[in-house]
Amino acid sequence: MSSFHPISTTHTFVNVALPLAIPRPFTYSVPEELLPMLQFGVRVEVEFGGQKRYTGLIVDIHQSKPDDFQPKPIIAVIDEMPLINPEQLRLWEWIAEYYLCTLGEVMNAALPANLKLASETILTLSSVFDDDMTGLNDKEYLIAEALTIQGEITVDDVRNILDQKSVYPLIRSMLEKRIIFLKEDLKTKYTPKKVACVRFAEPYASRPELLDEAFEAVARASRQVEALMAFVQLAQKQEFVRRQDIYNRVSADSTVLNAMAKKGIFELYDREVSRLGGYEEDTVDAGNLSAPQEKAMTDIRKLLKEKQTVLLHGVTGSGKTRIYVELIREALGRGEQVLYLLPEIALTTQIVMRLQRVFGNRIAVYHSRLGNNERVEMWNMVLNDKVAVLGARSALFLPYANLGLVIIDEEHDPSFKQNDPNPRYHGRDTALMLARIHGAKVLMGTATPSIETYFNVLQKKYGYVTLNERFTGVQLPEIRIVDAKAELGKKQHQTHFTATLIDALKAAIERGEQAILFQNRRGYAPTYRCPTCDWHSECIHCDVSMTYHKFHNALKCHYCGYHTPLPAACPACGNKQLVLQGFGTEKIEDEIQIYLPEARVGRMDLDTVKAKTAHAQLINDFEERRLDILVGTQMVTKGLDFESVGIVGVLSADQLIQFPDFRAAERAFQLMIQVAGRAGRKHKRGEVLIQAYNTTSPVLLEVLNNDYQSFIQRELQERSHFRFPPYVRLIRITLKHKKAPVVNEAADKYNVFLRGKLGDRVNGPAVPPIGRVRGQYLIDFLIRLERDGSRMRAVKDAILAANDYLAGLEGMSGVRVVVDVDPY
């Protein structure tokens, strides 16, 4: 029996989007007393699926009663003002339709957690609540008292405590007042950033009249005199002096300042500066544009009058960010909002700081590591204010009211693609649709355009502007291909480093330069095997070899996270002489110190940057020259700008090129050009050494000459011949089940049904290269579609019909079907 009396409803109905994977918005009736509060985009509290209650969004108000069911009434209207706007809903609907998912899944990805409460949501007292309950009303007092006693409660507990059905408006109010938090909000917000600084030691610090004595103490060392003069000048203008400030002004390095510290003139220390919150330092002018940048700006302005989208193809170090700054400034001056999209916000600390120094609090940063309350504040700020937003792909979902400009930086980056879970959208393509909905202009920038984007340039769909010179006038780095096979034959090969690379690293460090070593595989060694019976360590949940991690002395699976201690002997034959094969970043970090024992080495990969501040700390240490060599995966290729990097080494180009994927050549070319661009960025031409066994690969020759045109022409020819994007569209369908016979039977039946609808457009079924992941057996289908899109809707309808058909078959309900549109 229901514990509530029937509610008198009107002839008005609302369609409510719920953050659930249901096919369409659900229809509810509206009680008479709630009619005045109805409007598009506000949240309502509703019951769905038995007694569970959710917050949903009103997406339509109408008078059409459903014919096939009796709608339930909405319980409460939570908001006074809309949380979303019609343009946002149009984008959500496009994502759901194009990427074959539900509107609820898009809504779930888009809304901050605080805005989509459910019955199971856990609440706890806010860390800023001081236990003073005098200002609380009766209901707030009861909830705060319960939390004081129990520590945490669910939304359902709140209903029981208050003995009332509707509690979301109260919870919203308590969240806004910071009386309560969601449990997941209780994470450490940040660790302050440390900057390497220098100051006078005593007695010079307290007695300025002794400055002459300091100059006498360094008179015979000209570089120390220059450093002392630079410090005196900087100290008059700045609250504190960074060591890097001195390095930038004069030809000094850490050895000069260390020597002056030993003489008792300087004290070297680390100073904490704020990393989170509002920008508190003074803003600075962005500086003048160079002549090539001025020409590029003129061309971009002209093309944006004719086309919606322009591609800026600029070599690494050409100053693309400076052009973005100018366009952002112009858009803000027109009263427009700006979205600056980056592939991964955590990997772009330098760009964030550079833009904040220019725009201060007029630019806000949005990313997945913000707390829930911070996300809601940002949401409301974008909904109401004219602000520039800097963010990763999740920033696409913010409620822009007056979007005028979208900048997509590093548009080629694979990180723009969401792989799991739904919606499996591409950030770049979704940003283009967002701009189209708002009538905004788009500038995409990269040194290595994706093939799809450049193809659109050739089709005259996008405007095209080039920047072929580095901003400082420094030449692009000299690239050399090192024949690892030849050196191995001469017995000059030192483990995984050619003698050529080791010698170049030694010389660079002796010159006071830094180095970056790139190996796109983390861990110590990817295979642990027995030379007697050929047993090798394999994950119990996935069909992949487990990687040895020396730091943890364990074998780990990089697909599901399973880990196990190192076996003392071969489980198959008992042999105790097991061997490690291959190498990852951890092994590089370990072995480079054998050849360069004095070098300070850091490592940047997924294992070392899991903590929220770890990546920023690594970049900071490298910038401040607390590290000489940075070893890393593709993280080191992403938009970093270090002044003192003289050498970049690519340890194994063959691994990149020989990957079994039609995009392998494109990814390899992009990664090598991007990592090469980290060398010689400011004052001196850098050097890039690429180790390879197959030195005749056409990709390597194109990288050697930085020849994008030859690369794109060859790659387009191959794609056209073998029918791959951009000449066709791809949809990948993956069937998953924990039992291989079940997924095989499902694939056979799915194949018959789908081929009956689509014919030869269907490729497969086939077991993918890794046929089992997380205990689930996988079978793939690949659908090739004509590029013109004329059949896209019919093909997607056929896929949805095939999914429904399979789900309705006996014994097939446990088979999961994953549809990935544009799987790249």
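This is a predicted model: local features need pLDDT of at least 70, side-chain atom pairs count only at pLDDT 80 or more; totals for chains, interfaces and linings use all residues.

Gln-709 belongs to helix 23, which covers residues 708-722. Leaving aside neighbours within four places in sequence, Gln-709 is in contact with Tyr-454 and Tyr-464. The points below turn to the chain as a whole and then to particular residues.

**Overall form**

- The protein chain contains 25 helices and 34 strands.
- Its radius of gyration is 30 Å, which agrees with the value near 28 Å that a compact globule of 824 residues would have.
- Along the principal axes, the C-alpha atoms of the protein chain fill a box of roughly 95 × 70 × 65 Å.
- Of the contacts in the protein chain with a separation of 6 or more, 75% are accounted for by residues 24 or more positions apart.

**Surface and charge**

- Buried residues make up 55% of the 824 residues in the protein chain.
- The accessible surface of the protein chain comes to about 36700 Å², and carbon and sulfur atoms hold 49% of that surface.
- The protein chain carries 102 positive and 102 negative side chains, and the centres of these two sets lie 4 Å apart.

**Nonpolar cores**

- The largest nonpolar core has 79 residues, and those with the most contacts inside it are Trp-92, Leu-339, Val-389, Ile-731, Leu-735 and Ile-799.
- A second, separate core has 39 residues, among them Leu-618, Val-636, Met-672 and Ala-679.
- Leu-339, named above for the largest core, touches Val-389, Ala-395, Leu-396, Tyr-400, Leu-403, Leu-405, Val-406, Ile-407 and Leu-434, when residues up to four places away in sequence are not counted.

**Val-442**

- Val-442 lies in strand 17, which spans residues 441-446.
- With a relative accessible area of 0%, Val-442 is buried, because the limit for that class is under 20%.
- Residues up to four places away in sequence aside, Val-442 touches Leu-304, Gln-308, Thr-309, Val-310, Val-406, Ile-408, Leu-432 and Ala-435.
- Val-442 and Ile-171 are 271 residues apart along the chain, and their C-alpha atoms are separated by 40 Å.

**The loop between helix 19 and strand 27**

- Arg-625 is found in the loop between helix 19 (614-623) and strand 27 (629-632), and Leu-627 has its place in the loop between helix 19 and strand 27.
- Arg-625 has a relative accessibility of 12% and therefore counts as buried.
- Leu-627 is buried, with a relative accessible area of 11%.
- Leu-627 and Arg-600 are 27 residues apart in sequence, and their C-alpha atoms are 4.9 Å apart in space.
- Beyond its neighbours within four places in sequence, Leu-627 is in contact with Gln-514, Arg-600, Val-601, Gly-602, Leu-618, Asp-621 and Phe-622.
- Leu-618, one of these contacts of Leu-627, is included in the second core.

**Backbone features**

- Most residues other than glycine have a negative phi, and most peptide bonds are trans.
- Arg-625 has a positive phi near 65 degrees and is a residue other than glycine.
- Arg-774, which is not a glycine, has a positive phi of about 55 degrees.
- The place of Arg-774 is in the loop between strand 32 (772-773) and strand 33 (776-786), and Arg-774 is exposed, with a relative accessible area of 56%.
- Asp-420 and Pro-421 are joined by a cis peptide bond with omega of about -5 degrees, and Pro-421 sits in the loop between strand 16 (403-409) and helix 14 (427-438).
- Gly-764 and Pro-765 are joined by a cis peptide bond with omega of about 10 degrees, and Pro-765 lies in strand 31, residues 762-766.

**Phe-240**

- Phe-240 lies in the loop between helix 7 (222-237) and strand 10 (241-242).
- Phe-240 and Cys-197 are 43 residues apart in sequence and 7.2 Å apart in space, C-alpha to C-alpha.

Conventions
Residues are numbered from 1 along each chain as its sequence is written. Side-chain values use heavy atoms; hydrogens and water are left out. Helices (H or I, at least four residues) and strands (E, at least two) are DSSP runs, numbered from the N terminus. The radius of gyration is taken over C-alpha atoms; the globule rule is 2.2 Å times the number of residues to the power 0.38. Buried means under 20% relative accessible area, exposed over 50%, partly exposed in between (1.4 Å probe, protein chains only). Contact means heavy atoms within 4.5 Å. Accessible areas come from the Shrake-Rupley method with a 1.4 Å probe; for residues, only the protein chains shown count as cover. Lys and Arg count as positive and Asp and Glu as negative; His and the chain ends are not counted. The place of a charge is taken as NZ of Lys, CZ of Arg, CG of Asp or CD of Glu. A nonpolar core is a set of buried Ala, Val, Leu, Ile, Met, Phe, Trp, Tyr and Cys residues joined through side-chain atoms within 4.5 Å.
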